[in-house]
Amino acid sequence: SDVGSQKERVVTEEEWLQKWEMGNIGFHKEEGHPLLQKYLDVLLNGRSGLRIFFPLCGKAVEMKWLADMGHSVVGVEVSEQAVKDFFSEHSLPYCEEPVPEISGAKMFQSTSGNISLYCCSIYDLSSSIVGKFDGVWDRGALVAVNPCDRQRYASLMINLVEKNSSYLLVTVSYDPNKHKGPPFYVPESEIKSLFG
Ligand code: SAH
């Protein structure tokens, strides 16, 4: 679990925007993630009409899946292109409006109202702006956060969830000396200390 070589690495927002512009988005999975299907029952726990949060959402197709099941989906993503691509690739009409509490931020909402994507940095959000969530799908999110921001990210996420929420976290296990990331290698011991 030597993560020394990744500890100092920083990927800027500008670099993420460039990845989207260049179509350098190998992390996007058109067919959706098999682990969400596998653990859907853990996330939902028999409940319906949940509020589900997608941190660092990209244009994850799982947002459409959960919305189609009757849940209310909220995502946050720095790339406006990703957000617009999401709606257009699913032929979902949407409207866009500024977020008064966050300068420069916009919220894109499906006309049906059940998918709201905030275009801003996740660090600009708080529960007073987006409320609290019953479930979280964290894939390509904790592992995409810069190692130096992990503590801040985890504290924010803990703040954004209800007491009886379920949090599905996908990480990747590999030798961090062989790849610089993202996705970064987050050891299980660190996950335990971040989330308790
Ligand atoms: N969860 C998605 C995308 C993973 S890639 C999926 O499963 O496909 C990580 C995404 O986070 C990228 O789209 C990047 O643009 C976005 N991102 C990076 N830093 C961010 C930040 N601080 N706030 C919000 N989004 C961010």
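Colleague: What separates lysine 64 and aspartate 68 in helix H4?

Modeller: In this predicted model, lysine 64 and aspartate 68 are separated by about one helical turn, because they stand four residues apart in helix H4.

Colleague: What makes the pair of lysine 64 and aspartate 68 a salt bridge?

Modeller: The closest N and O atoms of lysine 64 and aspartate 68 are 2.8 Å apart, and the term asks for a side-chain nitrogen of Lys or Arg within 4 Å of a carboxyl oxygen of Asp or Glu, so the pair of lysine 64 and aspartate 68 qualifies. Side chains of opposite charge can pair when their charged atoms come close.

Colleague: Why is aspartate 68 called exposed?

Modeller: The relative accessible area of aspartate 68 is 54%, and exposed means over 50%, so aspartate 68 is exposed.

Colleague: How many salt bridges does a search of the whole structure find?

Modeller: The search of the whole structure finds seven salt bridges. One of the pairs joins the side chains of lysine 59 and glutamate 89, at 2.9 Å from N to O. Because lysine 59 lies in the loop between strand E1 (51-54) and helix H4 (62-68), while glutamate 89 belongs to helix H5 (residues 80-89), this pair ties together parts that are 30 residues apart in sequence.

Colleague: What does the salt bridge of arginine 150 with glutamate 190 tie together?

Modeller: The closest N and O atoms of arginine 150 and glutamate 190 are 3.2 Å apart, which lies within the 4 Å limit. Arginine 150 lies in helix H7 and glutamate 190 in helix H8 (residues 188-195), so parts 40 residues apart in sequence are tied together by the pair. Arginine 150 is buried, because its relative accessible area is 4% and the limit is under 20%, whereas glutamate 190, at 21%, is partly exposed. Apart from such pairs, Glu80, Lys84, Glu96 and Lys106 are linked in a network of salt bridges.

Colleague: Is alanine 154 buried or exposed, and what makes it so?

Modeller: Alanine 154, which lies in helix H7 (residues 150-160), has 0% relative accessibility and therefore counts as buried. Leaving aside neighbours within four places in sequence, alanine 154 is in contact with Leu194 and Phe195.

Colleague: Which residues come nearest to the ligand?

Modeller: Of the 15 residues around the ligand, Trp20, Leu56, Glu77, Ile122 and Arg139 come nearest.

Colleague: Why is leucine 35 called partly exposed?

Modeller: Leucine 35, in helix H2 (residues 34-38), has a relative accessible area of 33%, which lies between 20% and 50%, so the term partly exposed applies.

Note on methods
Residues numbered from 1 in each chain as written. Predicted model: local features only at pLDDT ≥ 70, side-chain atom pairs only at ≥ 80, totals over all residues. Heavy atoms only, no water. Helix = DSSP H or I, 4+ residues; strand = E, 2+ residues; numbered from the N terminus. Buried < 20%, exposed > 50% of the residue type's maximum accessible area, 1.4 Å probe, protein only. Near = heavy atom within 4 Å. Contact = heavy atoms within 4.5 Å.
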